Amino acid sequence: MVLIWIGIALGVIITSALIYKIMKSSKNNYISLMCKKCGFKTNGLKCPICESEKRI
């Protein structure tokens, strides 16, 4: 019985932390559409320009 109460308490704590994190973040913060280094539009994927520079 005690394990059930501990599980419920952990679930409530984790759920409240995730809801707080969602509320604090901006609505368009989930994917970066532009490369941070060169500004190329990547749509959330790896930048082909910066990746080719790393290989050289």
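Tutor: Of the 56 residues of the protein chain, 7% count as buried. Please keep in mind that the model is predicted. The chain contains two helices and zero strands.

Let us turn to the cysteines. A disulfide is a covalent bond between the sulfur atoms of two cysteines. The structure holds zero disulfides. Consider C38: its sulfur has its closest cysteine sulfur in C47, at 3.6 Å, which is too far for a bond, because a disulfide requires a pair of cysteine sulfur atoms within 2.5 Å. C50 is likewise in no disulfide, and the nearest cysteine sulfur, that of C35, is 3.6 Å away.

The wider setting is the surface. The protein chain has an accessible surface of about 5500 Å², and 68% of this belongs to carbon and sulfur atoms. On the surface there is a nonpolar patch formed by V2, L3, I6, L10, I13, I14 and L18, which together have about 730 Å² of accessible area. One of these residues, L18, lies in helix 1, which covers residues 2-24. L18 is partly exposed, with a relative accessible area of 49%.

Technical notes
Residues are numbered from 1 along each chain as its sequence is written. This is a predicted model: local features need pLDDT of at least 70, side-chain atom pairs count only at pLDDT 80 or more; totals for chains, interfaces and linings use all residues. Side-chain values use heavy atoms; hydrogens and water are left out. Patches are made of residues with over 30% relative accessible area and no salt bridge: like charges are joined within 9 Å, nonpolar side chains (Val, Leu, Ile, Met, Phe, Trp, Tyr) within 5 Å. Accessible areas come from the Shrake-Rupley method with a 1.4 Å probe; for residues, only the protein chains shown count as cover. A salt bridge is a side-chain nitrogen of Lys or Arg within 4 Å of a carboxyl oxygen of Asp or Glu. Helices (H or I, at least four residues) and strands (E, at least two) are DSSP runs, numbered from the N terminus. Buried means under 20% relative accessible area, exposed over 50%, partly exposed in between (1.4 Å probe, protein chains only).
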